[in-house]
Amino acid sequence: MSTAALRFKQAIAKQLSSLTQCSEPLLLDLIRVPKKTRDSQFTISLPQLGAALQKQSNSSTHVQDPTAWSKELASKFIPNHMIADATAQGPTLKFRVANTEFIKQVLTHVYNDHSNYGWAQAPKHNKTVVIDYSSPNIAKPFHAGHLRSTILGNFAKRIHEIMGYRVVGINYLGDWGKQYGLLAVGFERYGDQDKLMHDPIHHLYDVYVRINQEAKHDPSIDQQANAYFKRMEQGDAEALALWRRLREMSIESYKKIYARLGISFEVYSGESQVESYIPKVNALLQEKGLVEKTQDGASAVDLEQYHLGKAIVQRADGTSLYLTRDLACLMMRQELYGFDKALYVVGSEQQGYFRQVFKLGEMLFGYKNLQHVSFGRIQGMSTRQGTAVFLEDILDIAQEQILQYMEKEKSHVKDKQEMTTTSDQLGISAILVQDMKSKRNKDYSFSWERMTDAKGDTGVFLQYAHARACGIERNADVAVIPTPDFGLLQEPEALDLTQLISQFPEMVESSFNSLEPCTIVNYLFKLSHATSAATQVLWVKGQEPELAAARMLLFWAARTTLFNGLSLLGIKPLERM
């Protein structure tokens with residue numbers, strides 16, 4: 001990956017390599033961007049460099065005093081057209097870039113890559129990844145775990161796409177089993193065709209809740225549910241016709257809600273589709289001699305040597321479990337998509353279970369690139385009316401809160417339809433950023449008030465920053481040109497902003513490796529604050545044409561970076577608010 005920032009690091013590494021005999025790749029790994037970049041843009045720790053040299057030469061030779069060594073290297077470093085100087089500060093060696101050359105290379109890089117800035121230079125993987133995420137159960141609430149899985153799974157999908165993967169996004173629905181038999185019995189009693197046509201998800205949920213309540217007092221309902229599901233398993237045409245209709249109507253309804261979030265899936269799969277693969281998994285388990293009987297007659301695989309206990313793969317009555325079905329699903333997905341990597345975006349409470357799935361996947365099929373993208377819990381996601389159980393309800397409440405805020409703050413958007421669309425996008429941005437601003441395995445408290453605050457570090461703030469940057473371009477009436485006089489950008493705020501812009505490709509790479517969207521979110525907060533600080537000093541409108549053109553390219557590059565970052569998170573950037 002050849003980025004502007006990397007070229008400046010390479011200029012430092014090349015000289016240091018000749019001065020220290022440390023290899024350039026090793027030096028590149030040690031060069032850091034300091035927290036405060038006013039007096040230096042890159043640093044290297046001499047104690048770390050000494051340790052790296054010892055490791056490189058595979059010796060325990062004593063390395064000289066880091067502070068004295070730092071002074072020696074600073075005195076020997078020769079400034080050039082890229083690096084202005086090197087100075088020693090204790091055991092740290094600090095480097096200052098040649099401002100004009102640095103700003104020129106960074107802004108030219110953004111201009112050339114434009115909508116692909118951040119990943120255009122990244123190596124493309126040309127492999128297939130399947131990502132299992134969202135995965136609600138038909139007729140059951142879309143709970144907080146499904147919301148997190150949807151948001152984080154969509155991010156994983158987007159970042160794999162820009163890295164050159166062929167991505168198969170799979171929504172694996174809970175659409176089979178006794179729970180469906182119970183729903184079918186309820187629908188026969190309480191189903192309303194008009195309500196089903198109008199809102200299948202809510203209506204089926206209401207039916208499911210009602211029949212569940214009755215089942216607590218009437219044991220015959222459970223027997224009817226079992227009998228109905230048995231008819232489905234035996235291929236009863238009438239039972240399967242109703243199942244298909246309810247399933248397809250639910251999927252169509254889900255698609256509309258997902259579209260509101262800008263999310264789509266390549267495949268809507270489900271437990272119902274893996275039945276034919278379960279006997280193949282059981283046969284393979286037997287063939288490899290992995291199965292043993294438990295005391296109660298169930299079939300298990302002993303994974304004690306991997307500290308994973310005993311994995312039950314079949315009940316004593318011969319019926320399958322989630323584990324068997326997930327193994328069957330792996331087999332089916334490999335057959336259908338020939339994947340190189342498979343991700344499961346599921347809560348961290350399932351960590352032990354997925355370790356068993358992945359170990360058995362390796363033992364049965366030789367699959368090694370299986371990953372559990374885990375996440376913590378959301379606490380307190382409720383409304384005045386009670387717990388929000390449907391994705392649509394969550395989006396509607398967020399939109400309503402934003403709309404009230406826009407009306408109170410006298411938004412620049414006056415058209416009623418545009419205000420509705422804008423408030424919806426802002427509400428979605430608020431939900432997404434609140435979810436992605438912390439490391440994904442952390443639990444967090446859901447707060448309607450905090451997430452819709454335009455002044456804090458929120459999705460609304462990021463949208464405001466983007467809209468404001470668009471306003472500069474609209475109002476200044478200055479064309480964006482690739483070759484202004486970069487020497488006119490001498491203010492510290494211009495260098496600060498350029499430095500942040502230059503870091504975006506590295507943030508994308510880091511976020512891809514860890515699948516942590518918070519890396520991007522928190523970077524965008526810093527970028528937005530730096531842009532805001534720069535606009536206070538670097539005016540565009542009313543300036544001399546040469547100066548206005550240079551500043552316009554700087555703000556355009558910042559806005560382009562913000563646009564790309566928001567898009568990567570699954571947020572549609574707004575041009576006005």
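Me: How much area do domain 2 and domain 3 bury between them?
Reply: Keep in mind that this is a predicted model. The size of an interface is often given as the accessible area lost when the parts come together. Of the area buried here, 64% is on carbon and sulfur atoms. For domain 2 and domain 3 the total comes to about 2900 Å².

Me: Which stretches of the chain make up domain 2?
Reply: The domain assignment gives three domains, with domain 1 at 4-97 and domain 3 at 391-569. Domain 2 comes in two pieces, 128-269 + 332-379.

Me: How many residues of domain 3 are in contact with domain 2?
Reply: Contact here means heavy atoms within 4.5 Å. On the domain 2 side, 30 residues meet that cut-off, and their partners in domain 3 number 32.

Me: Which residue forms a salt bridge with Arg260?
Reply: The rule finds three salt bridges across the interface of domain 2 and domain 3. A pair counts when the side-chain nitrogen and the carboxyl oxygen are within 4 Å. Arg260 has its closest N and O atoms 2.8 Å apart from its partner, and that partner is Asp396.

Me: Which element gives the largest share of the side of domain 2 that touches domain 3?
Reply: Several elements supply at least two residues each, among them helix H11 (237-260) and strand S10 (341-345). By class, this side has 17 nonpolar, seven polar and six charged residues. The largest share is 10 residues, and it comes from H6.

Note on methods
Residues are numbered from 1 along each chain as its sequence is written. This is a predicted model: local features need pLDDT of at least 70, side-chain atom pairs count only at pLDDT 80 or more; totals for chains, interfaces and linings use all residues. Side-chain values use heavy atoms; hydrogens and water are left out. Domain bounds come from an automatic or database domain assignment. Buried area is the accessible area (1.4 Å probe) that two parts lose on being put together, summed over both. Helices (H or I, at least four residues) and strands (E, at least two) are DSSP runs, numbered from the N terminus. Ala, Val, Leu, Ile, Met, Phe, Trp, Tyr, Cys and Pro count as nonpolar, Asp, Glu, Lys and Arg as charged, and the others, Gly among them, as polar.
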